[in-house]
Amino acid sequence: MSTYPASCPRSEELYSRARKVMPGGNTRTTVFMDPFPIYAERGEGCRMWDVDGNVYYDCINNFTAMIHGYAQPEAIAAVQDQLPHGTAFGAPTQSEIELAELLVERLPSVEQIRFANSGTEGVMMAIKAARAFTNRPKIVKIEGAYHGSYDFAEVSLDSSPENWSDMPASIAYAKGTPQGVLFDVVVVPFNDIEALKAVFSVHGSDIAGILIDPMPNRAGLIPARRDYLEALVETAHAAGALVIFDEVISFRLGYAGAQGLWNIAPDLTVLGKIIGGGFPVGAIAGRAEIMAVFDPTRGKPALPHGGTFTANPITMRAGLAAMQALTADAFTHLDHLGAMVRGGTNDAFERHGLAGRCVGLGSLFKIHFTGNNIVDYRSVYPSAAERQKLNLLHRGLLDRGVLSASYGLFALSTPMTDADASAILTAIDDTLKQIASLS
Ligand SMILES: Cc1ncc(COP(=O)(O)O)c(C=O)c1O
């Protein structure tokens, strides 16, 4: 059997071309692979074909965005219908109202919405909206949680044992981050009510909002405890601060997203990924009273917001088609597939006598090679040996025809059948067996 990298000579060739015109041959850090990334040729349903003709079950799904996999017929039809009529105008279109109506109808906490071009931009606008509404400077965020690349949202994304103290310090993610950014972001551990209260007792009157993903992927894909989220809302509101749910990923957990599953109403919600039907998108949504910071009808808004391609009709129409296909039954199907693979993977860990666990909810799961009690970012921070196992898992799956994120994240899609989920599980089982034999 030919295995990566030998199985991908054409990808290697493309990568050497890319290196001449892009730094490190790369325009998106997250898709980098050593020694070279696998270049995609096409996708259909839950499969991706690379430029060398290898076919994979795609469990990355463009980092969770492609909930219907590739070439979803309804999204294709909507886009083909729109293309000859224009792709972006310096004027609004009916399509943005239709997608906004669907999202407002699905999310009880949301009265109004505003679109953007990426989740990063949605998070940025949510942070700025919280500041504009409260007239306060500081944001609280969870250690290790990823929210895109706005400076304030990146703080302490990859804090490490070398800079850990009892309470997480605000650690710069990118070189050159201004001190002022670190000063205005307060970092807390996940699922820790006491730590949150301690932060509010010191900074309460300066805090504009808490930014939280209820199941933060990079911080471990550990679901928030319900009592934690309840205490978080209560603590924030008692101090006059807002709660911002980043549901860029977690909106794929259910018909009304994570907030529907937990039955918690945030003040603001950030959306992205699946609501664009495969096209670039972001959104910020919430109560009308707060969203009024964007309202231009009474002169310059508290928070002006533009964007050349914002709410373009291609994204809006593809997004509407994708969201309409995400029925309650579609979520039942995804939950069933997720439970099957998560359960089977945890059985495999036991059977092969390997330390580790598969966590997640719905269509999302993540594999950790730790014997720790899994509670937060620090509890799943991989040691060098665990990192090596993650690497073996990623490569082992690749050679068995399954694409996953290199840090152990998997996202399932609606076109997958029980037989597909079972094949993915078999690949995971075989790879874990191989890793156990090397330990
Ligand atoms: C939770 C979360 N928030 C925000 C973002 C940023 O979204 P985008 O990549 O569309 O800028 C991501 C991207 O993966 C994300 O996972």
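Author: Glu-194, Ser-201 and Val-202 are exposed and lie on the face of α8 turned away from its buried side. Exposed means over 50% relative accessible area, buried under 20%, and partly exposed in between (1.4 Å probe, protein chains only). This is a predicted model: local features need pLDDT of at least 70, side-chain atom pairs pLDDT 80 or more, while totals for chains, interfaces and linings use all residues. Residues are numbered from 1 along each chain as its sequence is written, and side-chain values use heavy atoms, without hydrogens and water.

Reader: Which residues of helix α8 are buried?

Author: In α8 (residues 193-203), Ile-193, Ala-195, Leu-196, Val-199 and Phe-200 are buried.

Reader: What puts them on the same side of α8?

Author: They cover an arc of only 165 degrees around the axis, so they share one side of α8. The arc is taken from the directions from the helix axis to the C-beta atoms.

Reader: Why is α13 called roughly parallel to α16?

Author: The axes of α13 (residues 328-351) and α16 (residues 418-438) cross at roughly 20 degrees and come within 9 Å. Angles under 35 degrees count as roughly parallel, over 145 as roughly antiparallel, 65 to 115 as roughly perpendicular and the rest as oblique. Therefore α13 is roughly parallel to α16.

Reader: Why is Gly-344 called buried?

Author: Gly-344 has a relative accessible area of 13%, so it counts as buried. Gly-344 belongs to helix α13. Leaving aside neighbours within four places in sequence, Gly-344 is in contact (heavy atoms within 4.5 Å) with Arg-351 and Leu-425.

Terms used:
Axes fitted to C-alpha atoms, helices over the stretch in contact; angles between N-to-C directions. Helix = DSSP H or I, 4+ residues; strand = E, 2+ residues; numbered from the N terminus.
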